[in-house]
Amino acid sequence: MSIKSARILRPVCGLIAMLIVHPLSGGAQTLDEVLRASLAASGGREALDSLSSVRQTGTFSMATPFGNLEGDTEVVIVPNQKIYQMLESDLFERESAWNGTSVWQSSSQQGLVDLQGRQAASLAAQAVLHPFLGYENPQIDAEFSQLDDTEVDGRPHHVVLVRAAGFEYSVFLDLETKLVSRLQFETDVPQLGVVMITADSSEYEEHGGVMFATRNVIDVPGFVRTDIRFSTTELNGEVDHSIFERP
């Protein structure tokens, strides 16, 4: 081998050695790695578990076949125990709540009704501040399985299927941020039957060491699309527990 060839080959061999020790691609992440990374990106289990209440307020715009609506919104969560949601405008009002045992909804269109099945389960599931908090927690009956990666709005995402409390939904995680950007689940909608709901979360902000989405877009295909933007996020405040009870 000539001296010139040796000089060329030496750095190439060095590069090959580096790639063996530190490959350019880390390979596919395991399910455990995906779940842990997402919990860590959201603030970590300890920070999430330290919260006694979360209250978010803001505005919403709703696109329906009958026209557009705009108004105010409020969400109050006692983590893993209770949740209350309110949408209110000049022409429309809806309240929904889970008090830990039962789910009800009151609206200007349908009046007061008790929710059952997938409708009830989907609301109760939202009282959990992160969909993976049931991971490695023997007190929560939850199953997790990894689906094929996909793209959401041109960005690569991991997809995890979660089954908990009789409810099943897919969680889409941005590969770069590890934050939840989309949930998809089937539910029963009056006059439509079973439909696939898509709920997109974005514009995260840090509060108390935890990342909270300040924009949620909920799409019920062919029926309604609701764009919610939260302007305030309050943690560990006093909660009027009467709001969770059936009127």
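**Notebook: a first look around the chain**

I started with R118, which counts as partly exposed because its relative accessibility is 30%. My cut-offs: buried is under 20% relative accessible area, exposed is over 50%, and partly exposed is in between (1.4 Å probe, protein chains only). I'm working on a predicted model, where local features need pLDDT of at least 70 and side-chain atom pairs need 80 or more, while totals for chains, interfaces and linings use all residues. Residues are numbered from 1 along each chain as its sequence is written, and side-chain values use heavy atoms, leaving out hydrogens and water.

**Entry: R118 and its partner**

What does E186 form with R118? I found a salt bridge, with the closest N and O atoms 3.7 Å apart. E186 sits in strand β10 (residues 180-189) and R118 in helix α4, so this pair ties together parts that are 68 residues apart in sequence. Helices (H or I, at least four residues) and strands (E, at least two) are DSSP runs numbered from the N terminus. A salt bridge here is a Lys or Arg side-chain nitrogen within 4 Å of an Asp or Glu carboxyl oxygen. E186 has 39% relative accessibility, so I noted E186 as partly exposed. Side chains of opposite charge can pair when their charged atoms come close.

I searched the whole structure and got 13 salt bridges. One of them joins the side chains of R36 and E136, at 2.8 Å from N to O. That pair links distant parts of the chain, 100 residues apart: R36 is in helix α2 (residues 31-41), and E136 is in the loop between α4 (117-125) and β7 (142-152). R36 comes out as partly exposed because its relative accessibility is 44%. E136, at 54%, counts as exposed.

Next I looked up E203, which forms a salt bridge with R215, the closest N and O atoms being 3.8 Å apart. E203 lies in strand β11 (residues 193-207) and R215 in strand β12 (residues 210-220), so the bridge ties together parts twelve residues apart in sequence. Which residues join E203 in one network? I traced R215, D227 and R229, joined with E203 by salt bridges that share partners. E203 is partly exposed, as its relative accessibility is 42%.

**Entry: inside helix α4**

I went back to α4 and asked which of its residues are buried. I listed A120, A121, S122, L123 and A124. These buried residues pack against β3, β4, β5 (103-107), β6 (111-115), β9 and β10.

**Entry: F60**

Is F60 buried or exposed? F60 is buried, because its relative accessibility is 3%. I placed F60 in strand β1 (residues 54-64). I then checked its contacts (heavy atoms within 4.5 Å). Leaving aside neighbours within four places in sequence, F60 touches a list of residues including L69, G71, L87, F92, T226 and I228. E88 and D72 are also among the contacts of F60.

**Entry: a negative patch**

E88 and D72 turned up again, this time with D90 and E93, in a negative surface patch. Residues in such a patch have over 30% relative accessible area and no salt bridge, and like charges are joined within 9 Å. I found D90 in the loop between β3 (82-88) and β4 (93-98). D90 counts as exposed because its relative accessibility is 82%.

**Entry: two positive phi angles**

Which residue in the loop between β7 and β8 (155-164) did I look up? It was D153. D153 isn't a glycine, yet its phi is positive, about 55 degrees. With 73% relative accessibility, D153 counts as exposed.

K178 also has a positive phi, near 70 degrees, and is a residue other than glycine. I located K178 in the loop between β9 (167-174) and β10. At 23% relative accessibility, K178 counts as partly exposed.

**Entry: the whole chain**

Last, I stepped back for the totals. How many helices and strands does the protein chain have? I counted four helices and 13 strands. Of the 247 residues in the chain, 38% are buried. I also looked at contacts between residues at least 6 apart in sequence, and 44% of those join residues at least 24 apart. The chain exposes about 14,000 Å², and carbon and sulfur atoms supply 52% of that. That area comes from the Shrake-Rupley method with a 1.4 Å probe.

Methods. Patches are made of residues with over 30% relative accessible area and no salt bridge: like charges are joined within 9 Å, nonpolar side chains (Val, Leu, Ile, Met, Phe, Trp, Tyr) within 5 Å. Lys and Arg count as positive and Asp and Glu as negative; His and the chain ends are not counted. The place of a charge is taken as NZ of Lys, CZ of Arg, CG of Asp or CD of Glu.
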